[in-house]
Amino acid sequence: MSSESLDAQMAAELEESDLEGEGVNLSMIIDLQRCTGCAACNMGCASENNLQEGMAYSSRIIKTEGQFPNVSYEYTPTLCNQCEDAPCAEGCPTKALYKGTGNITMHDHEKCIGCKACMVNCPYDEIYLNKEDPHPTWEVEEAAIENGTATPKEVKERAGVDMDNAPAYYNPNREASDTEHPTRYKGVVEKCNFCVHRLEENELPRCVEECPCEARIFGDLNDPDSKVNEILGQYNEDVLKEDEGTEPKVKYVRDYNGGSYEADYGEPGLGESQ
Amino acid sequence: MHGVRATPDEMYECLFNCFWVVAMSQSTERSPGLLDDLPSGKRFYSWLVFIAVGLLIGAYGVLITLLEGTTTLGLTDQVPWGILISTYVFFALLSTGICIGITSLSSVFGMEKYDPLVKRGIFLSLITLAAGGLVIMAGLGQPFRAIPQMLLSPNPAAPMWWMIVLYSIYGGALAAEFVLIDQFDDPPEKVSKTVAVVALIAPILAGAMLGAIFGTAEARPYYGGMFASVFLLVTAVASGVALITAVTALERKFSTKTRAVVSEELLTQTLGKYLGVMAAVVLLLTGLRHVYGLVATNEALALAHQEMLFGGTGVVSVGVGIVLGLLVPLALMAYPKTRTVNGVLAASALVLVGMFASRFEFVVGGQVAALTADNFHEFPVASYVPSATEFAIVIAGIALFALLYTAGRELFDLDQLPHHEEDEMTHTDAVTDGGQADE
């Protein structure tokens, strides 16, 4: 067993991969037994991608069933499934959505016409529309406390923000390559792309890096020795809405199970002692 | 009759420049007195004021959306297509339906009883396409990129791309067809027929592709897969027949020229019965859609139908879309005593209002059942209420349609009969007897 941390192993795998080559097929496995539902992935994602309110590339589905004290709780982290057979890309009239680096479903802001067909086609509600220029509050000229606090606009001016070249919502992380736009703007859609700007720098997606429980395993499905294939070899995989036939590349293993029950009720099963 | 006899070369040159010719045709040789005979009087000026107010409201809606972005629209990440898309579908299918259901019967299949409706029908098809184009462009996030990107980065796998291509071809064919009737007394039969066939096939395919945009969204079973194309094409014919019937019935009230070519029988017997049959067919299809949906074991599908029929939008879906828009017109046209000119006018107007509501029900219904219980989203029902700006853009489309039609009826003789290879006298016979000779 390797003494290296899981993150280090995955980063090493990433470094060896030729992302631009056709042979790489990136995937993420989420181990629901390890996941504690702390939402660090969501916070990290929002921070990394400078997301504004109402937008969450990384999110979760919480399901509670039953009545106290017999209540089940299910926490499923979600993100764009980077579907193998991506309906968003197929229905995009201008190829703004396409299969790109590492077989990730990529989005080209400059080709997007804002028709929203991808949002209708995505079975997972994982595509978001920039309805307005982001962080509009930076233009507000009213202070939270009059004569007490500075207005957002004053803060921006005092900080010397260059609105033309690097506005307040400028995100240098996303300028690492030409695959993303550092300043999101209105009228186009957005989605998770496994933090491709980080991958190009041989860094893991931010949600993977942030996870304190190492519940997210990231790597190349086409590499038989990759960590993702090692996990998939040990556990049955599950995907969201399998019946849709989109072949998601975000897969889940193990169910969260926080307890146990006494097995001595009812008739014994096959193989159980009397 | 007026105009010139054209050689094939001249014809092709003309077709190449058809849009230009349409725009400039007011200055070319044409029947005298059209522009000199502009209507006046309180009623006409009130109509113009009505259009101007509509355009002003519409311009506000379009401009504010261009400046501020789609935040002015009532859309959400769960319901990204709202009343602007349904209004576009309404207009595009009006255009489609007129061509498939009325004008091609004359221009392709030679049914001369429909001759008096052809030129007006082609013109209505063109301007409904324009109105639909305005509404959908206004709702795009990046409207100025749309056409360039469709050309520079086409995706032939996407039904939307095909729809745009086919509607563009269709628009060209319509313009050419209009020019052939308006500018030439005796256009070569081959050219006329070719253009007419294109103007029949292109809208069938375009309408089918419009349906495919919804039908291929497999995550949204409310649209019904390939049934979406069938449903939209059939309902297109119903709405197209309703529009040309309503406009012709109105024109007949105001214009002696229209009265001269459009017999009462054509309206009450042919169009009235046609409308009644189409209302019945649409009623059946709509009923089947909802019954299949309500009894479905797919919970999201059943929920969507329940929400659209019995939820907040039930008044629109059932009250306007089904009762007012289908049942009442069907009753009016089925009962001989109400199948009068006024009855036909009322029935066709009601079908139009009903189809507008039906488009809204169809488009929004596919999105009301939330796809995931994500904490960021509404679940299990995603809500949508059109914003004032969306209504303003809808008004822009309607006002543009009204403006173009008003201008068109002044600039062109929309009652002009198309030329057929056969003896021209048959036109008059067919018209004055309301098409009985054909039956």
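**Exercise 1.** How many helices and strands does chain A have?

*Solution.* Residues are numbered from 1 along each chain as its sequence is written, and chains are lettered from A. The model is predicted, so local features need pLDDT of at least 70, side-chain atom pairs count only at pLDDT 80 or more, and totals for chains, interfaces and linings use all residues. Helices (H or I, at least four residues) and strands (E, at least two) are DSSP runs, numbered from the N terminus. On this basis chain A has eight helices and ten strands.

**Exercise 2.** Determine how β2 and β3 of chain A are arranged.

*Solution.* Two strands pair if DSSP finds at least two bridges between them. Strand β2 (residues 59–67) and strand β3 (residues 70–78) of chain A are antiparallel, with nine bridges. A:Ser59 lies opposite A:Thr78 of β3(A). The link from β2(A) to β3(A) is a hairpin of two residues.

**Exercise 3.** Describe the four-stranded open sheet of chain A and identify its edges.

*Solution.* The order of the strands is β8-β1-β10-β9 (chain A), with mixed pairing. β8 (216–220) and β9 (237–238) of chain A each have a single partner strand and therefore stand at the edges, one side of each being left without a neighbour in the sheet. Strand β1 (residues 26–31) of chain A runs antiparallel to β8(A), joined by five bridges. In β8(A), A:Ile217 is the bridge partner of A:Ile29.

**Exercise 4.** How many residues does each chain give to the contact between chains A and B?

*Solution.* Two residues are in contact if their C-beta atoms, placed from the backbone, lie within 7 Å. Chain A gives 36 residues and chain B gives 35 residues.
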